[in-house]
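Please open the structure in a viewer and keep the sequence beside it.

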Amino acid sequence: MRSGNESGSLTKPAQGSCAEVFRVFLKLGLTSFGGPVAHLGYYRDELVVRRKWMDEAGYADLVALCQFLPGPASSQVAFALGLLRGNGLAGGLAASLAFTLPSALLLAAFALGAASFTGVYAEGLLHGLKLVAVAIVAQAVWGMARSLTPDKPRIFIALSAIALVVFVAGAIGQIAAIAGGAMLGLWLCRGNGTAVTGNLKFPVSRRGGFIALSLFAVLFAFLPVLTAVTGYQPVAVFDAFYRAGSLVFGGGHVVLPLLQAEVVTPQWVSKEAFLAGYGLAQAVPGPLFTFAAYLGAVMQPEPNGITGASIALIAIFLPGLLLVYGMLPFWDRLRLRPTAQAAMRGANAAVVGILGAALYNPVWTGAVFTNQDFALALTGFLLLTVWKVQPWIVVVLMAFAGMMMPLLPL
């Protein structure tokens, strides 16, 4: 373990205020397009290079922690940076709220106005957004497969996960695939990673961390029981989104199949509305998890609207924030264990398989019906992967193309 500034440990930065944290992250929430990896780049430029809230090695250690845990990595890093600068939980919550609010409000507003958005051009625009989802998810599968399944053992784990979620539908199959991937990782993925060094020091006590981890576990275990016993729809909604947020490994796009199992399978949200909202979520800045605000607002059983959006949004972000808060005091010791690293490599390979299965159903089957659809989806994929066009630009172009498609001769 290294020590001092050369070690990558965090030197104590100048303490800021919650108001400063909120202001800085609101700016980032309004301007951070491009997904989780891009968000981490924005944070580095704004907070490490320009504002000196943290040194480079410490920032790398923090990113490693948030990528190790389930949940939205970029939002977890934002929460931890706010925690550090604001010297406590209030600073972390200020950062999370400011970074999340802009995109959540935009998506909820779209959901509330979707019912009055009718006509041939409206249908074309929504179809274009569904084709955006095909291109975006295909890009995510392509990129994640290259980084998370670079060898035969992890390719085998990904293929096993595809087989499992195909034959065991819904959330049960996805949970089993992730757990099975972790167990196979213990067997097949030892020694496949790089050494982890450095240390993290945040204003979180071991007692506070233990309380957060215990609360995460209690909610994960007992929310389904409470839902079954009460049959109360708000509890069922909170449980569905909390469970989805608890199981996302490997990037924000992995939440797509998890949410599909939770809201489309029970027919709370139609497949068409789900895919259109997911496509729109690519055009707004901030975390992809704010897709939950759209889903909560558009659901047919109450609670929906603003109440449903608020419940869904809190529920999907809460587990990731509890986990990062809880793990900060214990991370140094745990991450050096080969078993933990091997299990995570296996779980990450499994989520590639889960996302690959979702690329076919519901994304492809719900959007690609004609040769023109295929050509447009392929064009979006190439724009993203070959020409590296910003995702929001691709969304605008494909939404416009979708509106124009009804005017084309068959």
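Begin with Ile-172, which counts as exposed because its relative accessibility is 66% (buried means under 20% relative accessible area, exposed over 50%, partly exposed in between, with a 1.4 Å probe and protein chains only). This residue belongs to helix 8, residues 170–188; helices (H or I, at least four residues) and strands (E, at least two) are DSSP runs numbered from the N terminus. The model is a predicted one, in which local features need pLDDT of at least 70 and side-chain atom pairs count only at pLDDT 80 or more, while totals for chains, interfaces and linings use all residues. Residues are numbered from 1 along each chain as its sequence is written, and side-chain values use heavy atoms, with hydrogens and water left out.

**The whole chain**

Now select everything. The secondary structure comprises 18 helices and 0 strands, and 56% of the 410 residues are buried. Colour the model by pLDDT, the predictor's confidence in each residue, from 0 to 100. The average is 85, and 89% of the residues score at least 70. Over residues 1–11, however, the pLDDT is below 50, although this stretch has 27 contacts in the model beyond near neighbours in sequence; a contact means heavy atoms within 4.5 Å. Where pLDDT is low, the predicted coordinates should not be read in detail.

**The nonpolar core**

Next, select Phe-25, Tyr-43, Phe-241 and Phe-274. Of the 135 residues in the largest nonpolar core, these touch the most other members. Such a core is a set of buried Ala, Val, Leu, Ile, Met, Phe, Trp, Tyr and Cys residues joined through side-chain atoms within 4.5 Å. Helix 6 (residues 120–148) contributes the largest share of this core, 14 residues. Centre the view on Phe-274: not counting residues up to four places away in sequence, Phe-274 touches several residues, including Leu-256, Val-263 and Phe-291.

**Lys-271**

Move to Lys-271, in helix 12 (residues 271–281). Is Lys-271 buried, exposed or partly exposed? Lys-271 counts as partly exposed, because its relative accessibility is 30%. Its C-alpha atom is separated by 8.9 Å from that of Val-363, 92 residues apart along the chain.

**Salt bridges**

Finally, look for salt bridges, in which a side-chain nitrogen of Lys or Arg lies within 4 Å of a carboxyl oxygen of Asp or Glu. The whole structure holds 8 of them. Select Arg-243 and Glu-262, whose side chains meet in a salt bridge (2.9 Å, N to O). Arg-243 lies in helix 10 (residues 233–246) and Glu-262 in helix 11 (residues 255–264), so the pair ties together parts that are 19 residues apart in sequence. Glu-262 is buried, with a relative accessible area of 9%. Glu-46 and Arg-50 form another salt bridge, with their closest N and O atoms 2.6 Å apart; both lie in helix 2 (residues 36–50).
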